[in-house]
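Thanks, everyone. Please bring up the structure.

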Amino acid sequence: MTKLRVAPGPAGEAEFETKPLRINVGPQHPSTHGVLRLVVDLDGEVIKRLSPHIGYLHTGFEKTMEHRTYQQGVTYSNRMDYLHGFAHDLAYVLSVEKLLDAKVPERAQRIRVILTELNRIASHLMFFGTGILDMGALTPFFYTMREREKLLDLFELVCGVRMNYGYFRIGGLAYDLPEEFIPATRAFIAEFPAMLKQYAALFAKNDIFLSRTRGVGVISQETALAYSLTGPSLRASGVPLDHRKANPYSGYQDYDFAVPSANSGDVYARFMVRFTEMTESLKIVEQALDRLTPGPINDPNRRISLPPRSELETSMEAVIFHFKLVTEGFHPPRSEVYVPTESARGELGYYIVSDGGSMPYRVKVRVPSLANLQALEPACLDGLFADMVMNIASLDPVLGDVDK
Amino acid sequence: MMFLAAGLIGALALLVGALLGPKRGTADKLAAYESGIPTESTARERFPVHFYLVAMIFIPFDIEVALLVPLAVRFNVDPQFLFWQALIFIAILSVGYVYILKRGVLNWK
Amino acid sequence: MGLRDLFEKDVQELENEGILFSTLRKLVSWGRSNSLWPATFGLACCAIEMMQSTNSRNDLARFGSEVFRASPRQADLMIVAGRLSKKMAPVMRRVYDQMPDPKWVISMGACASSGGMFNNYAIVQNVDSVVPVDIFVPGCPPRPEALVYAVMQLQKKVRGEVFDDKGLALPMVEGWKR
Amino acid sequence: MSAVALIQALGSKLIDQPQGYPAVALNPAQLPDAARLAKEHGFMIMDVFGIDWLTYPGHRGKRFTVSYNLYHLETNSRLFLRVALNDGETVPSVTGVWPGANFLEREVYDMFGIKFSGHPDLRKLLTPDELDGHPLRKDFPLGETPTLFNEGRFLDPTAFRAGLIGKDVGLTGFRGGARKGVKSRD
C-alpha cells in the first residue's frame, strides 16, 4: 500500500490506499530472454511479489534421451543450453566416459578445452549484447555480435555448423582439427583484447549503465548459497566457486587462469565478473594451443570408439566393431555417475543411471539456469519494476536450459 | 494558407485509410494483448497517485524544452544575449524543480 | 502520342512506347512486401540464429525487416523460431490472432516445421497445425542466410510472383482472406 | 566439516555410490533433520531428482528414489542423500531448509508424481496443465507420433529403430541381443 503525504485536508492527513496491481510479463516479451513468464504484483513501481512460471519451452529432453543410444545423446545435450553447447556436450561425454572408464588421449582433451572456452566467450558476448540492449543501448549489440560471428566462423571451420555441434564423441572427437583452425584462432586471440577495450569504452564508464546497475538487485552471499546459485552470478556475490579450479576435468589443471569474483553481489558485479572472465578464457585457449601436440584423438579401445576408416578395408575385426558400434552402441556397466563441470552459467552435470543396456536408463541434467532463475525473486523484491529487467539480464537464464 | 494545406493532406490521408481500409476486428484480435496470456482483470483499476504526479511534472518541463528551441534557431542576434536570456528562463523554472525535489515526488520507494 | 491514343491503342503497343501499367493491388503488395516487420517470437536455438540474421554481417534490414516489433500489434510477419512446446501453443495462437491482417508466418527450423528430433509428448510436431504457415525453413538451426532467403521467398509470395511446379501462377496471397 | 563427518553425525548406513561420491540411504522420516544438520555443516543443495526403478532389470526394493545432491563449499566434497519410496508415499520437503529446492521439488513432483509434504506451493512446473500423468515415469509412453512422408507413407519410429533395444523386431528383422559389451562391473 503506498501511503503518500498529501496536503492535509480539513479532516487531517489524508492517505491514498491502492491495491497491488498484478502484471503478467508473459512468455512473449522482449525482456525475458526467452519464454519465461513472470507474474508480478506491483505497488506503484515497487515489486511486492514475483513468481516465475516456466515450462513454456519444456521439450522432454530427459524422457527422449532414455530412448536414444549413448552416442545419439550427444545431439540432444547441446540443444539444451544453445548458447554454450560445448559445455553440455563436454559434461555429457565426460559422464559417459567415466561410466566406461574410457581413456581420452591428451590431444582430444586439449581440443575440447579450446572449443569449450571459445564457446564460453561467445556465450558471454551474447550475454553482453542482449543484456545492455535491455537497458536501451543498441550499439553494443552490434559490436559484440561482430566478434561472435568470428567465433562462429571458427566453430564452423571445425564442426561444419555454427551452433548445435556434434563434434564430441564418447572417447574422443569425431575427427581431427583442420590445419587452418590454429592460425585462425591465433589471429582471433591477437585481436580480441583490443575489442574488449572497445566494449569497455562503450559501457564501462557510461553513467547511465553505472547508475542502472550499481547497487541494484543485490544478492547477498547467504541468499546466493541458500538459493543454490552457481557460476558467475555466485562469484559476483563473493563465493569464488569454479569447478574448473575446484575439481578440474578434461585437463583444466594444466592451465593457470584466475577466477574473477566480486563481493558486492549486484548487477554491476555480475556484468563485470563475466567481462573479466572472457580474458581468462582467452588465456586458457592460448595455453591450450601452445601445448597442443600431434597424437591420437580417440580412445584406442575398439569397443568404445570407431576404428579409423583406413582400417575398415583391411581387417574384418574392425568392420565387426564398426557395425556393432554404429547399430547398437556399447553397453556400459550397470552403475550411476555424476561429473560436475562449469558452464557459462554455473555448475552443470549429467547424472546418468545405466542398466547395462545400450540406452541410458535415466539421464538427469543438473542445470545451472533453473537455480539461477530462482534467485531472481530475492534480487527483485522491493526493487523497481524497471530493475527487474536488469536482474533477469544479469542472471542470464537460458530457457532451453531451464525447461529441458 | 500553407498550414491549411498541410492539415488537409494529413486529414485526407487518415480519412481515406479509415474509409477504404478493410476492417476485420475479430474478437480475439481486439482482445487486450498481455504477452500472450488472457488478461484476468481490466486495466481500469486504481493506480497509485504517484503516476499522476509524475505526469503533472512532465508537462511544464516539456514545454520548457519546447520553448528553448526557438532560441537555438535565432542567428541574427548576439549569442551572448541569447545565452543570458535562456539562463534566466531556466533559473525561473528551477525554482519549481527545487520545490519538487524537496517534496520528494521523484523518489519512488 | 495524344491523349486519344491512350484509349484507342491496346496495352501492348502503349507499353512498347514506354508507358508502364500496374494495378493498385500490385502497387500495394509491392509496398507491403518490402516492409515486412517481424514479431519477435524467438523460442529456442533458432532465435539465436534469428538474432544473428539481424546483426551487421548478414543484415535482414536490407529486405525491409529492419526492426523486430515486440508487440504483435505492429508486426505483420511472425517468425516461429524454435521448438514449440504444447504449453506454448495456445499462447502462440493468441499472439497470432492479435496480429493485424494481412499477416504471414515463417516456420523457422526443423523443430517448428516437423518436430525435429523431439518426437515426444511435449513438442507440437508441426506448427502448421497451430497457425497457417507460409514458408518452411529447413535446418537445425537454419543459417542466417537461409532465413534471409526465406524472407525473400515470402516477398515473392506476397507480390504474387509464385508459380507451382506445373507453371500455374499461384494466386497472390491475400492475407486478410485467412 | 567434511561429508564423512556429517555421515557419522547422521548415523545412517553409508552406501558407496559406484562412481565415487558417498551416498547415504535415509527413510523419509529422517530427512528433515538430516537436511537441517547438513545445512548447519555448510552444505548447499545442488540438485533434487527422482529415479523410477520400474523396469530396471533385477531391481529389488521400492519403486522410486529421490536423491538430494549436496555440495560442501569449503572442503569441495559432495554427498548424495537417497530416499527410497513407493508410489503414493510422500517425502517431507526441504524447502524450509534450502529455499533453492523449491523449483527442484516441484519438478520432481511434476515428472514423477512424488508429493512433498510441507512444500509452499506444490504445482506442476514444466508440463502443460492439460497433460495428466507424470512423464518421466517408466510406464508413461514417450508419445512418439508416426512420421508422415510426402507420398503419404507412414513410418513408426519404434519399429524403425531396428531392434536396437532388442525387444521388438525392427524393419530389417535384425534382433540385437542384450549382449554384455564392455566387461560388466558386478
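Let's start with the contact between chain D and chain A. Chain D puts in 37 residues, and chain A puts in 46 residues. Keep in mind that this is a predicted model.

Stay on the chain D side. Which elements of chain D each supply at least two residues to the side that touches chain A? They are strand S3, residues 43-52, and helix H3, residues 101-112. S3(D) gives the largest share of that side, with six residues. On the side of chain D that touches chain A, 23 residues are nonpolar, 10 are polar and four are charged.

Next, a sheet in chain A. This sheet is open and has three strands. The order is S6-S7-S8, and the pairing is antiparallel. Which strands are at the edges? Strand S6, at 336-343, and strand S8, at 362-366, both of chain A. Each of these pairs on one side only. On average, neighbouring strands of the sheet are turned by 15° against each other, ignoring direction.

What packs on this sheet? Helix H3 of chain A, residues 85-100, does. Note the chain: this is H3(A), touching S6 and S7 of chain A. The direction of H3(A) makes about 150° with that of S6(A).

Last, one strand pair up close. Strand S7 of chain A covers residues 346-353. How many bridges join S7(A) to S8(A)? Five, with the two strands running antiparallel. For a landmark, take Tyr350(A): its bridge partner in S8(A) is Val365(A).

That's it from me.

Terms used:
Residues are numbered from 1 along each chain as its sequence is written. Chains are lettered from A and ligands numbered from 1 in the order in which they are written. This is a predicted model: local features need pLDDT of at least 70, side-chain atom pairs count only at pLDDT 80 or more; totals for chains, interfaces and linings use all residues. Two strands pair if DSSP finds at least two bridges between them. Helices (H or I, at least four residues) and strands (E, at least two) are DSSP runs, numbered from the N terminus. Axes are lines fitted to C-alpha atoms, for helices over the stretch in contact, and angles run from 0 to 180 degrees between N-to-C directions. Two residues are in contact if their C-beta atoms, placed from the backbone, lie within 7 Å. Ala, Val, Leu, Ile, Met, Phe, Trp, Tyr, Cys and Pro count as nonpolar, Asp, Glu, Lys and Arg as charged, and the others, Gly among them, as polar.
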